[in-house]
Amino acid sequence: MLLALLTAVYVVCAFALTAFALGTTVLLIAYLRYRNEVVTPLQLHNFPTVAVQLPIYNELFVVERLLHAVAALDYPRDRLWIQILDDSTDSTTELVARTVAALQQQGVNIAHVRRPNREGYKAGALAYGMTLLNVEYIAVLDADFVPQPDFLQRTVAFLVSNPKIGMVQTRWGHLNPDDNALTKGQALALDGHFVVEQTARSRAGLLMNFNGSGGVWRVNAINEAGGWRDETLTEDLDLSYRAQLLGWRFAYMPDVVVPGELPEHIAAYKQQQARWAKGGTQVFRLMIFPVWRHPRLTLGQRLMATMHLCQYLVNPVIMLMILLTPPLLIMHAIQHLSLGVLGLVGLFPPLLYIISQQALYGNWKQKILALPALVALGTGMAWSNSRAVISGLLNRREEFKRTPKFASVKARNPNGYGGLMKQRGFLWEVLFSAYALWGVWVAARYAPGYIPYLLVYAVAFGVMAYWGARDALGFGTRTQ
């Protein structure tokens, strides 16, 4: 009875992974269909009022770069307000105050906003800032991004041209893609998302999301959707779905690039991914039923929205399959299963990343050499992301933990600034790597076809453990 149950769980997990891969395949096909559509650049003649909100919390190393970049935006100063929403508890506040004073003397409309407390974290800061504004559009930029001077002109023009559009998202670029293997893998992952997935969702009429930075909102869309709320750790995804279910359309502009900084340390990356995984799962809990009850969404839109909202659930599915494979092989329970479909559709996700590199870079063949790093991230993060997903399903409340960025200044100890989580997953990753290696030995005896599958996870968990140990000891980190 137990063996039959475990085998059934394994089969369900295999079909779930197949469904996730098919969702990626649909997006890839949609991208290939619509990628040649040309969005005609528009020009503003009458400039509406715009605010740029900059939510920051202890961003000592990057905030000055951000403020100077935003102050240099090519937009009439009498129609532009810059709002620094500063919840910092360190010397960032003094640095911001000095920089703001200097910019104000140059005629920049910039305000340094301090709240009584950090209630609601980023969502709370954005909502509080809106109560102090009277503008038509609001751009949101995180502290580690550097917008180009024409960022507002190009995005706001698109919003002005179509009153049905509630938000315009731009493509994230990278300030430090070649710092190390970790940043190379992240750049590949983000390029796949922003080049293929966001383009496909936008142009195929699927529900998409504001990515939290590098986007411009119509204030009416925010207000009609109920405003920013802190019920989840991904307030951007939450508001995106609420607005679109009300009928607001979103647009994606891949030709407008806003570069951002990639985390160089695995602890910072884990912290970021855990927040996204938990927050995304929280939004899944909140929005999955409204999506399926919505009268105007097609079946295809509902299915793809479901795949979008539960994308992080793939992590516990992966962990279940890893844990079940060796004992089920020993008991001869899965050797007879035909999982060729999973292997076939599994070819499409890597193709998505390759195509994104072809679209962006002349040296794309060199760029895709980072695929092993991406595989290590995508599979090796399964344990830490699974913990975050379970926490999201249980709706456990926790602090919004920012992802520390350092610009050109590198601390000797990556855990020394910004509240990075400790390397709690190190021992677990070592254990899972050893378990997967044992699985390789089991597969060699009972079903050699499973060797590559288990070997990937053994290496991936081992790489994650190595990166964690390296960063904790300070090796490979540039110093100030």
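User: Which element gives the most to the lining of the second largest pocket?

Analyst: That is E7, with five residues. Together with helix H6 (181-203), strand E7 (249-260) is one of the elements that give two or more residues to this lining. Helices (H or I, at least four residues) and strands (E, at least two) are DSSP runs, numbered from the N terminus. Please keep in mind that this is a predicted model, where local features need pLDDT of at least 70 and side-chain atom pairs count only at pLDDT 80 or more, while totals for chains, interfaces and linings use all residues. Residues are numbered from 1 along each chain as its sequence is written, and side-chain values use heavy atoms, with hydrogens and water left out.

User: What makes a residue part of the lining of a pocket?

Analyst: A lining residue has an atom within 4 Å of a pocket point; on a 1 Å grid over the protein atoms alone, a pocket is an open set with protein on both sides within 12 Å along at least five of seven lines, whereas a cavity is a set of points where a 1.4 Å probe fits but cannot get out. Here 24 residues line the pocket, and Ser202, Gly205, Leu206, Arg249 and Phe250 lie nearest its centre.

User: How do you know that the structure holds zero disulfides?

Analyst: A disulfide is a pair of cysteine sulfur atoms within 2.5 Å. For cysteine 13, the nearest cysteine sulfur is that of cysteine 310, 13 Å away, so cysteine 13 is in no disulfide by that cut-off.

User: Why is cysteine 13 called buried?

Analyst: Buried means under 20% relative accessible area, exposed over 50% and partly exposed in between (1.4 Å probe, protein chains only). Cysteine 13 has 5%, so it is buried. Cysteine 310 is buried too, because its relative accessible area is 9%.

User: What makes valine 96 buried, and which residues does valine 96 touch?

Analyst: Its relative accessibility is 0%, so valine 96 counts as buried. You will find valine 96 in helix H3 (residues 92-105). Leaving out residues up to four places away in sequence, valine 96 touches Ile56, Val63, Leu67, Ile84, Asp86 and His112, where contact means heavy atoms within 4.5 Å.

User: What makes a set of residues a nonpolar core?

Analyst: Such a core is a set of buried Ala, Val, Leu, Ile, Met, Phe, Trp, Tyr and Cys residues joined through side-chain atoms within 4.5 Å. The largest has 71 residues, and those with the most contacts inside it include Val52, Leu141 and Trp217. Another core, of 47 residues, lies apart from it, with Cys310 and Met321 among them.
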